[in-house]
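Hi everyone, thanks for making time today. I'd like to walk you through one model, going from its loops to its helix packing and then its rings. Please have a look at it first.

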Amino acid sequence: MSLELEQRIAKLEKEVVDLRQEVDALKQSPAVDKTSTLNARKSMLEQTSPTPTPNPRPMPVHEKTVQPQRSLEERIMWALPKVFMVILVLGVLWGLKLVSDYGYLSNEVKIILAYILSISLAVIAYVIEVKKFGSSAIMISLYGGAFIIGILTTAAGAILYEVLGLTMALIIAVIFIGYGITISYFKKNEVLTLFVAFTSLLLPYLLEYMDFSSVIILIFVIVLFSMLQFVILQHKQKIALYVATFFTVLAVSVVAFMNSDNQVVFAIGMLIVLALYFMSWCRLYNPESTWKHLHVGMQFSLGTFSLLLMNLIIRNVDYNELLLIVLLSLFVAVASYGYKQKWQEAFDSAVTLAFITLCNTLLIMNMPDKVDDLLLPLMTFAGVMISLRLRVSMMKVVSSLFFTIALFVSYTVHEPTPFFSIAHVSLLMPGVYLIVIYLYALRPKETLNTFEKLMKDMYVLDLLAVITTGYILAYVGKLDTAYFAGVSEIPHSMFILLALIFALSLLLPVKWKGRALTPVLGVFFLFFTLLLTVLPYNMQGIEWINLATRLVYMAVIVAIVIDLLMKGRIYQLYEERMAKFLDTTVSAGVVLVMLAIWGFVYQLAYNSLLDWKLSIALSTMTLFLTASISLWLSSVHHLRKLRLTGFAVLAIAFIKLIFLDLSALDLLIRAILFITIGGIGMLLSGRLLRK
């Protein structure tokens with residue numbers, strides 16, 4: 001018996017012993033039926049390893065407590081009492097107006113009835129709350145309606161009907177405001193808080209009508225806003241915070257506009273209101289909320305709105321930049337707190353507000369006009385660089401918008417004359433800033449945030465490369481206009497620079513130039529090649545720059561064609577596409593060079609630098625030479641389209657030679673032309689036949 005057979009018999013004996021033990025264990029368990037026993041036995045026989053697998057214990061399932069959510073119908077039903085209460089208030093007001101028009105009741109009786117209605121609504125709400133036989137929505141609406149009717153009745157009694165004395169009206173209004181804040185605090189309803197905040201902040205206008213001191217009105221507004229913060233923070237009422245802040249800032253501004261004095265006091269009051277707002281906002285902000293972007297947007301919107309109103313308030317204040325520096329410090333404090341708490345979006349918003357305020361502060365400082373011309377682009381450039389360094393999304397958008405405006409203003413307003421001047425520097429520096437921004441934005445990043453991924457998908461960095469190049473070309477165009485005015489208003493220097501930049505872009509990898517620069521420059525290069533190098537035009541006495549432009553464009557095209565045929569750097573960078581479009585590209589390049597040479601010859605004749613008959617002969621020789629080179633290159637590099645191009649040009653050359661040139665040329669030039677063309681043709685034929 002072999003060793004392998006003995007091992008298999010021993011293994012089977014061990015499995016039989018294990019099976020017997022398993023069967024005995026199953027017999028002792030009354031909960032297992034015969035079917036499960038047979039299945040277990042069959043399973044054990046099929047296994048190579050007899051070790052039984054213990055049954056896993058069922059894990060207890062913890063059910064999550066799901067908060068009940070109101071359906072759309074329930075939300076509508078919950079909001080209906082508030083809507084009907086507003087309708088009721090409007091109906092009461094219009095009813096009183098109708099009664100007043102018909103003269104049924106005196107003004108005193110109308111005011112008394114309105115107060116009775118207000119108190120009755122509050123009593124009914126209290127009874128509903130105590131007896132608990134009505135909906136809480138109706139109760140809240142009644143409490144809010146009582147408050148609104150009371151405040152409006154007080155204002156009407158003091159201003160419209162002059163039934164109440166001003167002091168008595170103020171006392172009653174303060175009592176109602178205290179009542180409104182109290183019920184808002186205890187009823188924990190945000191809609192009620194909105195009613196109270198909106199209606200209470202109408203009182204400053206009443207106080208202004210009463211000719212109260214503007215300082216007292218400001219103190220009242222600040223105290224009222226501070227009291228509302230207790231309710232807002234206690235019950236986390238974010239919408240009420242935004243509404244109360246908006247109407248508080250608006251109230252402070254309107255009262256400040258109505259008073260020409262104490263503008264500094266109102267500016268300080270505005271700073272206090274904003275400090276309270278940002279304190280509450282930071283305590284209520286939740287970075288895990290799905291609505292965090294909306295809250296950050298509200299923070300930014302109210303911040304910019306307050307900054308605008310602050311500028312209007314302090315426009316006639318001496319040393320007004322000091323007040324803006326205080327506001328800047330407030331925004332910096334909020335940004336620092338957001339950075340400490342790792343609130344990226346809140347940090348972005350606060351830093352952007354601080355940057356806008358800094359720009360605002362620098363602009364209102366008393367500095368010479370020429371310094372302002374340099375400062376505005378520099379300031380916006382610094383904002384873009386800071387936003388790129390900190391990777392602040394919102395600040396990138398705002399600072400880029402400001403920089404774009406500064407760029408447009410600099411190019412529109414400033415001229416490069418005189419050459420050594422602040423105006424020229426102001427025109428030049430934005431181009432330098434664009435280059436720095438583009439190079440800094442190219443730096444590699446380990447990870448991209450959501451905003452940076454979006455910008456990459458939208459080709460923003462590629463567009464920046466095009467804008468940077470466009471500004472540089474436009475700047476050179478202004479130099480052409482200023483210093484080469486006799487060039488028929490054609491910016492030849494700009495066109496030459498365009499050709500050189502296009503050639504350089506072909507040599508650079510995509511990571512440096514972007515994905516859009518070369519195609520855009522290629523379109524303009526092709527357009528200007530056909531526009532500038534084909535047709536002759538009057539240069540008004542300056543021919544050299546026209547001829548230089550033509551030579552540069554021809555040199556660029558020839559260099560590109562040679563690089564592609566020799567499989568140089570350009571071919572290697574675009575190898576995937578060139579392998580398919582090499583024939584077409586080379587053929588187009590050869591034709592463009594032919595047209596450029598043809599245009600160069602006729603420009604020489606147009607400027608009386610070359611005899612017309614000689615120019616006709618040279619143009620014909622150009623056709624034959626182009627055809628010869630095309631046929632030779634096509635045979636060397638096996639380019640079919642280039643060969644067809646050569647044959648087509650050769651046919652055109654023969655047609656021109658026979659039907660046009662013979663009658664226009666004298667005998668000497670005709671002989672020289674035919675000898676030259678014949679020699680070229682014989683040489684070419686020999687080379688082609690050798691191939």
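Where does K236 lie? K236 sits in the loop between α9 and α10 (238-258); helices here are DSSP runs of H or I with at least four residues, and strands are E runs of at least two, numbered from the N terminus.

Before I go on, a word on the ground rules. This is a predicted model, where local features need pLDDT of at least 70 and side-chain atom pairs count only at pLDDT 80 or more, while totals for chains, interfaces and linings use all residues. Residues are numbered from 1 along each chain as its sequence is written, and side-chain values use heavy atoms, with hydrogens and water left out.

Most residues other than glycine have a negative phi, and most peptide bonds are trans. K236 is not a glycine, and its phi is positive, near 55°. At 59% relative accessibility, K236 counts as exposed; the scale is buried under 20% relative accessible area, exposed over 50% and partly exposed in between, with a 1.4 Å probe and protein chains only. H638 is another non-glycine residue with a positive phi, about 60°. You'll find H638 in the loop between α26 (612-637) and α27 (640-664), and it is exposed, with a relative accessible area of 67%.

And where is the cis peptide bond that joins T417 and P418? P418 is in the loop between α16 (393-413) and α17 (422-441), and omega of that bond is about -10°.

Now the helix packing. Two packed helices are described by the angle between their axes and the distance between the axes. The axes are lines fitted to C-alpha atoms, for helices over the stretch in contact, and the angles run from 0 to 180 degrees between N-to-C directions. Angles under 35 degrees count as roughly parallel, over 145 as roughly antiparallel, 65 to 115 as roughly perpendicular, and the rest as oblique.

Let's take helix α7 (residues 190-200) and helix α9 (residues 214-235): their axes come within 11 Å and cross at roughly 175°. The two helices, α7 and α9, are therefore roughly antiparallel. On the α7 side the contact (heavy atoms within 4.5 Å) uses T193, V196, A197 and S200, and on the α9 side F220, L224, L228, V231 and I232. Sorted by class, those residues give 7 nonpolar, 2 polar and no charged. The classes put Ala, Val, Leu, Ile, Met, Phe, Trp, Tyr, Cys and Pro under nonpolar, Asp, Glu, Lys and Arg under charged, and the others, Gly among them, under polar.

Next come helix α11 (residues 263-284) and helix α13 (residues 320-340), with axes that come within 11 Å and cross at roughly 5°. So α11 and α13 are roughly parallel. The α11 residues in this contact include L271, F278 and C282, and those of α13 include L330, F331 and Y337. What classes make up the contact of α11 with α13? There are 14 nonpolar, no polar and no charged residues.

For helix α20 (residues 492-507) and α23, the axes come within 9 Å and cross at roughly 10°. That makes α20 and α23 roughly parallel, therefore. Among the residues that meet are F495, L498 and F502 in α20, and T549, Y553 and V556 in α23. By class, this contact of α20 with α23 has 13 nonpolar, 4 polar and no charged residues.

A pair of aromatic rings is described by the distance of the centres and the angle of the planes. Rings of Phe, Tyr and Trp (its six-membered ring) pair if their centres lie within 6.5 Å, with planes under 30 degrees apart called stacked, over 60 edge-to-face and the rest tilted. The count comes to 20 aromatic pairs. F246 and F247 are edge-to-face, 5.2 Å centre to centre with 80° between the planes. F525 and Y553, in contrast, are stacked, at 5.0 Å and 5°. That pair links distant parts of the chain, 28 residues apart, with F525 in helix α22 (residues 517-532) and Y553 in helix α23 (residues 544-565). F525 and Y553 are both buried. There is also one aromatic cluster, formed by W281, Y285, Y337 and W343.

Last, the cysteines. How many disulfides does the structure hold? The number is 0, where a disulfide is a pair of cysteine sulfur atoms within 2.5 Å. C282 is buried at 13% relative accessible area, and C359 is buried at 5%.
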